[in-house]
Amino acid sequence: MNSYQNNKPLVALKNIEKRFGSLEVLKDISMDLYQGELVSILGPSGGGKSTIFNIISNTLEADAGSVTVEGSLGYMQQKDLLLPWKTIQENIALPLEIQKVTKEVINKKIEAYMPIAGLEGYEDKYPYQLSGGMRQRASFLRTLMAAEDIMLLDEAFASLDSITKSTMHEWLLNMMKDLNTTILLITHDIDEALLLSDRIYLLSEKPAVVKKEIVVDFNSENKLERRFSEKTLQLKKEILSLL
């Protein structure tokens, strides 16, 4: 048990099952997410990972099993989905406006979070005026505004080129330290999972089962050092042998 697991999990899935008609998608899925962790769900395309997110966010009901969520949820998908006719500040503030938060509170949050995202000075720009990485950061902030406790990231960096993705990985790790955010990440990218994660749930093809839970407990204080670690290569070989 790692240090995160001394407390009650923020998200707990127990023996989740899901079918769509005759197609069995999820089979006996159990996983936990603890405060301050970044946990990845790694598996083949079309294997039911997004279905897990939909069940956690209560947009889809499991056929069997139980789901417990302690705290508010924000859900960020692969595409940034920023509204092109709104400024970056207006896009980021949208969840708070929907929640009827006062303008004063919105402005204070925007002022606090824009520098963390490296978007200070871009408040009045429109999405087309920003790079792909900056749009993703704006989308990330909008998700954070919707719910500050738990963030569900569904292939959040998959559409970015390798250099921009690497920059975003570094930004995400720094941001997590600043805000103590808890993240559940869906990815197909083994290197991304090994770099960012505290734990990895490795899923099978449909019907998805948890083939293995992998604890990534080295270089935890500076995860960027994992890029050059022999342990990373060893774990990558293990994951590839299981896929």
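**Helices and sheets in a predicted model**

User: How do the axes of H3 and H4 cross, and at roughly what angle?

Analyst: The axes of H3, residues 103–113, and H4, residues 132–146, come within 12 Å and cross at roughly 135 degrees. That angle makes H3 oblique to H4, and the crossing in which H3 passes H4 is right-handed.

User: You mentioned Leu 141; is it buried or exposed?

Analyst: Leu 141, which is found in helix H4, is buried, with a relative accessible area of 2%.

User: And which residues is Leu 141 in contact with, leaving aside its neighbours in sequence?

Analyst: Once the neighbours within four places in sequence are left aside, Leu 141 is in contact with Ile 92, Tyr 113, Met 114, Ala 117 and Leu 119. As for Gln 89, that residue and Leu 141 are 52 residues apart in sequence, while their C-alpha atoms are 9.9 Å apart in space.

User: OK, what about H2 and H3, at what angle do they pack?

Analyst: Helix H2, residues 88–98, and H3 pack at an angle of about 130 degrees, and their axes are 10 Å apart. The two helices are therefore oblique to each other, and H2 passes H3 in a right-handed crossing.

User: Which residues of H2 and H3 make that contact?

Analyst: On the H2 side the contact is made by Gln 89, Ile 92, Ala 93, Leu 96 and Glu 97, and on the H3 side by Lys 103, Ile 106, Asn 107, Lys 109 and Ile 110. By class, the contact of H2 with H3 has five nonpolar, two polar and three charged residues.

User: Switching to strands: in what order do the three strands of the open sheet come?

Analyst: The order is E2-E1-E4, and the pairing in this open sheet of three strands is antiparallel. E2 and E4 are the edge strands, each of which pairs on one side only, and the twist from one strand to the next averages 25 degrees.

User: How many bridges join E1 to E2?

Analyst: Seven bridges join strand E1, residues 11–20, to strand E2, residues 23–33, and the two run antiparallel. One of the residues involved is Phe 20, whose bridge partner in E2 is Leu 23. The hairpin of E1 and E2 has two residues between the strands, and Gly 21 there takes a positive phi near 65 degrees.

User: And how many bridges between E1 and E4?

Analyst: E1 pairs with strand E4, residues 64–69, in the antiparallel sense over five bridges. Within E4, Thr 68 stands opposite Ala 12, and Ala 64 stands opposite Glu 17.

User: What about the sheet with six strands, in what order do they come?

Analyst: That one is also open, with the order E5-E6-E7-E3-E8-E9 and mixed pairing. Strand E5, 73–76, and strand E9, 210–215, stand at the edges with a single partner strand each, so one side of each has no neighbour in the sheet. From one strand to the next, the twist averages 15 degrees.

User: How many bridges join E8 to E9?

Analyst: Five bridges join strand E8, residues 199–203, to E9, and these two run antiparallel. Tyr 201 stands opposite Glu 213 in E9. Helix H7, residues 230–242, packs on the sheet and touches E3, E8 and E9, with a direction that makes about 175 degrees with that of E9.

User: Which strands does H1 lie across?

Analyst: Helix H1, residues 49–56, lies across strands E3, E5, E6, E7 and E8, and runs at about 150 degrees to E7. H1 also lies across E1, E2 and E4, and runs at about 120 degrees to E1.

Note on methods:
Residues numbered from 1 in each chain as written. Predicted model: local features only at pLDDT ≥ 70, side-chain atom pairs only at ≥ 80, totals over all residues. Heavy atoms only, no water. Axes fitted to C-alpha atoms, helices over the stretch in contact; angles between N-to-C directions. Helix = DSSP H or I, 4+ residues; strand = E, 2+ residues; numbered from the N terminus. Parallel < 35°, antiparallel > 145°, perpendicular 65-115°, else oblique. Left-handed = near helix turned anticlockwise from the far one by under 90°. Pairing = 2+ DSSP bridges. Contact = heavy atoms within 4.5 Å. Nonpolar A, V, L, I, M, F, W, Y, C, P; charged D, E, K, R; others polar. Buried < 20%, exposed > 50% of the residue type's maximum accessible area, 1.4 Å probe, protein only.
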